[in-house]
Amino acid sequence: MATQFVESIMEQVVARNPVEKEFHQAVQEVAESVQDVIDKNPQYAKAKILERLVEPERQIMFRVPWVDDKGNVQVNRGFRVEFSSAIGPYKGGLRFHPSVYLGIIKFLGFEQIFKNALTTTPIGGGKGGSDFDPKGKSDTEVMSFCQSFMSELFRHIGPDTDVPAGDIGVGGREIGFMFGQYKKLTNTFAGILTGKGLDWGGSLVRTEATGYGLVYFVTRMLQDLGTDWKGKTVVSSGSGNVAIYATQKAQELGANVVALSDSGGYIVDPDGIKLDTVKRIKEVERGRIKEYVDAHPGAEYHEGCSDIWTVPCDIALPNATQNEIDKASAEILVKNGVKAVGEGANMPSTPEAVEVFQGSGVSFGPAKAANAGGVATSALEMCQNSMRLNWTFEEVDNRLKMIMDAIYDQSVAAAEAYGKKGNLVAGANIAGFVKVADSMIAQGVV
Ligand code: NDP
């Protein structure tokens with residue numbers, strides 16, 4: 001009966017959204033997690049909650065023409081998928097990466113609905129982006145692209161409607177260019193993006209939030225294993241925003257982070273990654289991770305990023321991109337004695353990898369819960385913008401910690417309530433789903 005429900009949802013999703021395999025993967029996981037909840041709560045089946053949630057409220061696709069430094073006209077494709085406004089304005093990042101197509105944006109937007117519900121803040125779910133690749137482009141080219149992107153996006157967003165943020169390929173520089181264009185087009189200074197600069201409406205801790213939040217979440221997982229970060233060997237993939245600040249907090253708490261990567265390869269520094277070097281290469285010079293070994297000859301560089309999971313560790317933090325840990329990598333991690341996996345990236349473990357971790361007794365923190373600190377702090381930025389006030393670093397950091405604790409507690413409690421003790425994947429999906437479902441029922445069929 002329950003399996004039939006998942007099958008029928010998946011049949012409809014695949015038929016309506018062919019080729020969007022990442023979106024299918026995200027829906028399948030949620031459907032499997034919430035089937036018992038729907039069985040036990042007939043009002044959700046009657047109101048067709050999941051059937052409605054898999055259909056975005058609105059999908060926008062648009063042309064983004066811009067001129068490169070050589071005077072050539074370039075054309076990219078822009079997306080904004082506004083998935084659910086059941087509990088607040090659409091909220092979710094913008095990703096600029098050549099792999100972006102509708103299926104990636106929809107998997108991210110769908111996940112965002114439940115993640116945002118878990119944060120305890122009033123924000124709905126959305127996601128956007130483009131197949132534009134900022135890597136190797138000059139600042140002028142990035143500005144030209146961002147201005148063109150916002151020239152269409154501006155009519156769809158607003159502080160009470162839809163508030164995008166950054167994601168892969170979208171950091172402070174890109175947010176700045178898009179904010180400037182919005183202001184020029186609308187003649188309003190409004191909190192329509194988060195991740196803004198501190199002098200013009202940004203929040204302290206937003207830069208650090210996803211990485212720090214991930215470490216706060218994994219701290220709770222480790223506590224339940226009767227341990228902490230001290231002396232633990234950690235491997236993190238990526239070397240972008242999430243990886244850098246997860247590394248920083250893990251090091252502060254006494255861990256030895258020994259490996260980081262980018263899409264070209266990975267570095268191993270057995271004495272511990274020197275984060276100042278990584279920040280210089282990645283945040284200032286926009287270089288490649290392999291340059292790390294020029295400054296630290298004791299470290300090694302390996303071509304190709306997927307073998308990073310062969311580096312033995314106690315704690316693995318996949319912080320780069322979707323489906324970066326497959327079954328084979330998960331098996332190697334388990335064989336090498338990994339105790340906990342915390343997902344900083346969105347959907348970085350394939351379903352088969354998740355099965356390996358859960359089947360081997362590895363403590364597993366799913367992205368929806370473990371990386372929600374970024375969007376939660378974005379919600380705190382929105383709050384400060386509405387009040388036209390700025391909170392201190394300590395105040396925002398304390399709120400972030402409280403939110404990560406609340407996410408952990410809700411996920412644990414929901415898993416237990418539905419007979420899935422210790423399964424944080426199910427717990428996070430169920431806790432997020434119930435909040436959204438009850439709000440949808442209260443608001444009628446809209
Ligand atoms: P950044 O663009 O700052 O960094 C991304 C990192 O991942 C880079 O090191 C990049 O390498 C690597 N990477 C990206 N795509 C691939 C790929 N296809 N294969 C291998 N490596 C890849 O992004 P973020 O750190 O912000 O985001 C990382 C992950 O965290 C994403 O999944 C994102 O959705 C998720 N996330 C981010 C949040 C945030 O607040 N920033 C919030 C919640 C989740 P290279 O430079 O070579 O491309």
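Student: Into which domains is the protein chain divided?

Tutor: This is a predicted model, and its chain is divided into domain 1 (4-53), domain 2 (58-189) and domain 3 (209-370).

Student: How far apart do the C-alpha centres of domain 1 and domain 3 lie?

Tutor: Those two centres are 31 Å apart. The contact between them draws on five residues from domain 1 and six residues from domain 3. About 390 Å² is buried between these two domains, and carbon and sulfur atoms give 55% of that area. On the domain 1 side, look for Glu-22, Gln-25 and Glu-29: they supply 83% of the area that domain 1 buries against domain 3, more than any other three residues.

Student: Thanks! Now the strands: in which sense do E1 and E2 pair?

Tutor: Here is a general idea to begin with. In a regular strand, side chains alternate between the two faces of the sheet. In our case, strand E1 (residues 58-67) pairs with strand E2 (residues 73-84) in the antiparallel sense, over ten bridges.

Student: Which residue has a positive phi although it is not a glycine?

Tutor: Val-205 is one of them, with a phi of about 75 degrees. Look for Val-205 in the loop between helix H7 (172-186) and helix H8 (206-224). Asn-323 is another non-glycine residue with a positive phi, of about 55 degrees. Asn-323 belongs to the loop between strand E10 (315-317) and helix H12 (327-335).

Student: Is Val-205 buried or exposed?

Tutor: The cut-off for buried is under 20% relative accessible area. Val-205 has 2%, so it is buried. Asn-323 has a relative accessible area of 28%, so it counts as partly exposed.

Student: And the rings: how many aromatic pairs are there?

Tutor: The count comes to 18 aromatic pairs. Take Phe-357 and Phe-364: their ring centres are 5.8 Å apart and their planes are at 20 degrees, so this pair is stacked. Both of these residues are buried.

Student: Which residues form one aromatic cluster?

Tutor: Phe-62, Trp-66, Phe-96, Phe-132, Phe-145 and Phe-149 do. Phe-132 also has a charge over its ring: the charged end of Lys-137 sits there, 5.3 Å from the ring centre. Likewise, the charged end of Lys-249 sits over the ring of Tyr-212, 4.5 Å from its centre.

Key
Residues numbered from 1 in each chain as written. Predicted model: local features only at pLDDT ≥ 70, side-chain atom pairs only at ≥ 80, totals over all residues. Heavy atoms only, no water. Phe/Tyr/Trp six-rings, centres within 6.5 Å; stacked < 30°, edge-to-face > 60°. Buried < 20%, exposed > 50% of the residue type's maximum accessible area, 1.4 Å probe, protein only. Lys NZ or Arg CZ within 6 Å of the ring centre and 35° of its normal. Pairing = 2+ DSSP bridges. Helix = DSSP H or I, 4+ residues; strand = E, 2+ residues; numbered from the N terminus. Domains from an automatic or database assignment. Contact = heavy atoms within 4.5 Å. Buried area = accessible area lost by both parts, 1.4 Å probe.
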